[in-house]
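Keep the sequence and the model at hand while reading.

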Amino acid sequence: MKYMLMLFEPDTDWTAVAPEEAEAALAEHGVFCAWMRERGIPYSGEPLRESATATTLRRVGAELVVTDGPFAELKENLGGFYIIEVKDLDEAIEVARHCPTGTATEIRPIWEV
Amino acid sequence: MLATVVRLTRDVDAAQDAVQEAFAAALDAWRTAGVPANPGAWLTATARRKAVDARRREESVARRLPLLIVPEPSTGYGFPDDRLRLIFTCCHPALDIASRVALTLNVVCGLPTADIAHLFLVPEPTMAARVTRAKRKLRAAGIPYRIPRDDELAERLPAVLVVVYLLFSQGHTPGRGTALTAADVAARAIDLARLLVLLLPDEPEVTGLLALLLLTDARRPARLDADGAPVLLADQDRTRWDRELIAEGTALVEELPPGPYAVQAAIAAVHAAAARAADTDWPTILRLYDVLLRVHPSPVAALARCMAYAEVAGPAAGLDALEAVAADQRLAGYHLLPAARADLLRRSGRFDEASRAYAEAAGLAGNAVEREYLLSRSAGMATAVGGSLDL
C-alpha cells in the first residue's frame with residue numbers, strides 16, 4: 001500500500017537559519033532516504049517552504065477567493081512529505097519512526113483509484 | 001470461527017456476513033440431515049465457503065482468488081492463531097481505545113453493537129457508527145491481520161491488555177448509570193483474559209492481568225450491601241469473598257516477575273490473604289506499591305500508596321504524603337482524591353474538613369451509587385462533629 005507521511009513541525013524559514021543548521025536537518029533526511037533505499041522501499045517526497053509563504057484559495061459563497069496564509073493557522077505546520085510504498089500500516093509506522101520530524105508525523109493511506 | 005473466516009476474507013464485515021449465512025444454512029441442513037459429528041468444523045467450513053462465494057460474486061476476476069487465500073495451517077482449523085490475530089488486529093494502537101474496546105467486543109466476543117452501546121451508556125447509533133468507522137479504518141489504513149513478531153510483542157501487548165482491563169472495570173464500576181456491578185461483563189473480560197493466557201502462556205503480564213481480574217472479582221459478592229451501597233474494602237464481609245477465585249488468582253501471581261498487572265495482582269492477593277481487615281499485612285502492601293510506582297508510575301497508584309502508607313505510619317503522615325501527590329495535575333477532578341483525603345481527615349478526627357472533602361468527592365463522582373455513598377458520609381461527618389456518631 002502507498003502512504004503519505006506528513007511531517008508537522010514549528011514553522012521554519014530554512015533559508016534564514018544558520019547554514020550549518022539547515023545542512024544538519026537535510027543530512028538527517030539524507031540518512032533516512034538512504035535507510036529506505038537500503039530496504040528497497042519505493043519513496044518520493046519534498047520539503048515545503050514555511051506556511052507564511054502559503055496562499056489559500058477559499059470558497060466564499062459561489063466565489064473562490066485568494067487569501068494569504070495556510071488553510072489553518074497552527075503552531076506546527078506541514079513542513080514536508082514523503083510518499084512511501086510498503087506492505088501495511090505496521091510497516092508504514094516503522095518507516096515513519098525512522099523519519100526525522102519536528103513534532104508529529106501523520107500517516108495517511110493513499111486512495112489508489 | 002469468525003477469526004478463521006477473517007483470515008480468508010481480510011474483511012471483518014464480509015466474514016461476519018459469511019458466518020451468519022453459515023448459521024442459517026446449518027438450521028436448514030441439520031434439521032433434515034441431523035447435527036454433524038463436529039458442528040464447529042461444519043460451520044467453519046460452511047462459513048469459509050460462503051465467504052469465498054461472496055468474494056466470487058463481488059469480484060468478476062476469479063483468478064485473483066488464490067492470492068487472497070492464506071494456506072491452511074496443518075493442524076486442525078488453526079483456531080488459536082486466528083483468534084489471536086483477530087485480537088491483535090482489533091486492539092491495534094492505530095485505533096483509539098474506545099474503538100478498540102468496541103471492536104473487540106463486537107468481533108472477538110460476538111456482542112451485538114446494541115449491547116455494547118448499552119454497556120457504555122451511549123446511544124446505539126453512536127456505537128454502531130464507532131464500530132463501522134473502526135472496521136473501515138482496519139481496511140482503508142491497511143492495519144495488518146497478523147500476530148506481532150516477538151520483538152514487537154512487548155510494545156503491542158499493553159494495547160490488548162488495557163482493552164481487557166477496561167472491559168472488566170466497566171463491569172466492575174461503570175462510570176455512570178446506577179447498577180454498580182455488571183457481573184456478565186466482568187465474566188466476559190475474565191474469559192478474554194483466560195483465552196489470552198492460553199494463547200500467550202509465556203507472557204507474564206497476561207497471567208498477571210488474569211490474576212488481577214480473578215482476585216478483584218472474588219470480592220464482588222461483598223462489594224455492595226443489601227441496599228446496593230458500596231462497602232469499603234475494610235468493612236466488607238470477607239466470608240462472602242469467593243475463595244475459589246482467590247485460590248486461583250493467588251496461585252497464578254506467585255511466580256510472576258514484577259510487571260504493572262502482576263504487582264497489582266500481588267497487592268490484591270495480600271488483601272485476600274487477610275481473614276479480617278485488621279490482619280492486613282500493610283508493610284508488604286506498601287512495599288508492593290513502591291515496586292508498582294517503579295515499574296509503572298501513575299498518579300492513581302501514587303494515591304493508593306498514600307493510603308497504604310497511612311496504614312503503616314498513621315493518618316497524619318498519610319495526609320502529608322497525600323498533599324504531595326495531590327499536586328499532580330492529572331488527578332484534578334478525580335473523585336477518589338478528595339475521597340481519600342476525607343478518609344484520612346476523618347481518621348485524624350478533623351470531621352469538619354472531612355465532611356467538606358466527602359462533599360467535594362461526591363460532586364465529582366460519575367456513578368450514582370458512589371455519589372450517594374459519598375454524600376451520606378459527608379452528612380455523617382456533620383453528625384460526628386456533634387459527637388453522636390460512632391465511627
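Chain B and chain A bury about 640 Å² between them, and 52% of this is on carbon and sulfur atoms. Buried area here is the accessible area (1.4 Å probe) that two parts lose on being put together, summed over both. Such a lost area is often used to give the size of an interface. In chain B, the residues that lose the most area to chain A are B:A141, B:G142 and B:P144, together 44% of what that side buries. The contact takes 10 residues from chain B and eight residues from chain A, where contact means heavy atoms within 4.5 Å.

This is a predicted model, in which local features need pLDDT of at least 70 and side-chain atom pairs count only at pLDDT 80 or more, while totals for chains, interfaces and linings use all residues. Residues are numbered from 1 along each chain as its sequence is written, chains are lettered from A and ligands numbered from 1 in the order in which they are written, and side-chain values use heavy atoms, with hydrogens and water left out. For the complex, the predictor gives an ipTM of 0.82 and a pTM of 0.69.

Chain A has two helices and six strands, in the order β-α-β-β-β-β-α-β along the sequence. Helices (H or I, at least four residues) and strands (E, at least two) are DSSP runs, numbered from the N terminus. Of the 113 residues in chain A, 29% are buried; buried means under 20% relative accessible area, exposed over 50%, and partly exposed in between (1.4 Å probe, protein chains only). Among the contacts in chain A between residues at least 6 apart in sequence, 75% join residues at least 24 apart.

Helix α1 of chain A covers residues 19-38. Its 20 residues reach 28 Å from first C-alpha to last, close to the 28 Å expected at 1.5 Å a residue; the expected span is 1.5 Å times one less than the number of residues. Which residues of α1(A) are buried? They are A:A22, A:A25, A:F32, A:C33, A:W35 and A:M36. These cover an arc of only 155 degrees around the axis, which puts them on the same side of α1(A); the arc is that of the directions from the helix axis to the C-beta atoms. They pack against β1 (2-10), β2 (43-47), β5 (76-85) and α2 (89-98) of chain A. The face turned away from the buried side carries exposed residues, including A:E20, A:E23, A:R37 and A:E38. Just after α1(A), A:G40 takes a positive phi of about 70 degrees.

Leaving aside residues up to four places away in sequence, A:V95 touches A:L5, A:F32, A:W35, A:M36, A:I41, A:I84 and A:V86. A:V95 also belongs to the largest nonpolar core, which has 95 residues; there A:Y82, A:I84, A:V95, B:L105 and B:L196 touch the most other members. A nonpolar core is a set of buried Ala, Val, Leu, Ile, Met, Phe, Trp, Tyr and Cys residues joined through side-chain atoms within 4.5 Å. A second, separate core of 26 residues includes B:A302, B:L344, B:A361 and B:L374.

Chain B has 20 helices and zero strands, and 47% of its 391 residues count as buried. Among its contacts between residues at least 6 apart in sequence, 61% join residues at least 24 apart.

B:L95 lies in the loop between α5 (79-90) and α6 (97-108) of chain B. Is B:L95 buried or exposed? B:L95 is buried, because its relative accessible area is 2%. Beyond residues up to four places away in sequence, B:L95 touches B:T89, B:C90, B:R100, B:L103, B:A134, B:K137, B:L138 and B:I143. Of these, B:K137 is 42 residues apart from B:L95 along the chain, and the two C-alpha atoms are separated by 8.1 Å.

Further along chain B, the 12 residues of helix α17 (residues 315-326) should span 16 Å, and the end C-alpha atoms are 16 Å apart, which agrees. The buried residues of α17(B) are B:G318, B:L319, B:A321, B:L322, B:V325 and B:A326. Seen down the axis, they fall within an arc of 165 degrees, so they line one face of the helix. What covers them includes α16 (299-313) and α18 (336-347) of chain B. The face turned away carries the exposed residues B:A316, B:D320 and B:A324.

Finally, confidence along chain B: the mean pLDDT is 81, and 82% of the residues reach 70 or more. pLDDT is the predictor's confidence in each residue, from 0 to 100. Over residues 174-181 of chain B the pLDDT is below 50, and this stretch has 28 contacts in the model beyond near neighbours in sequence.
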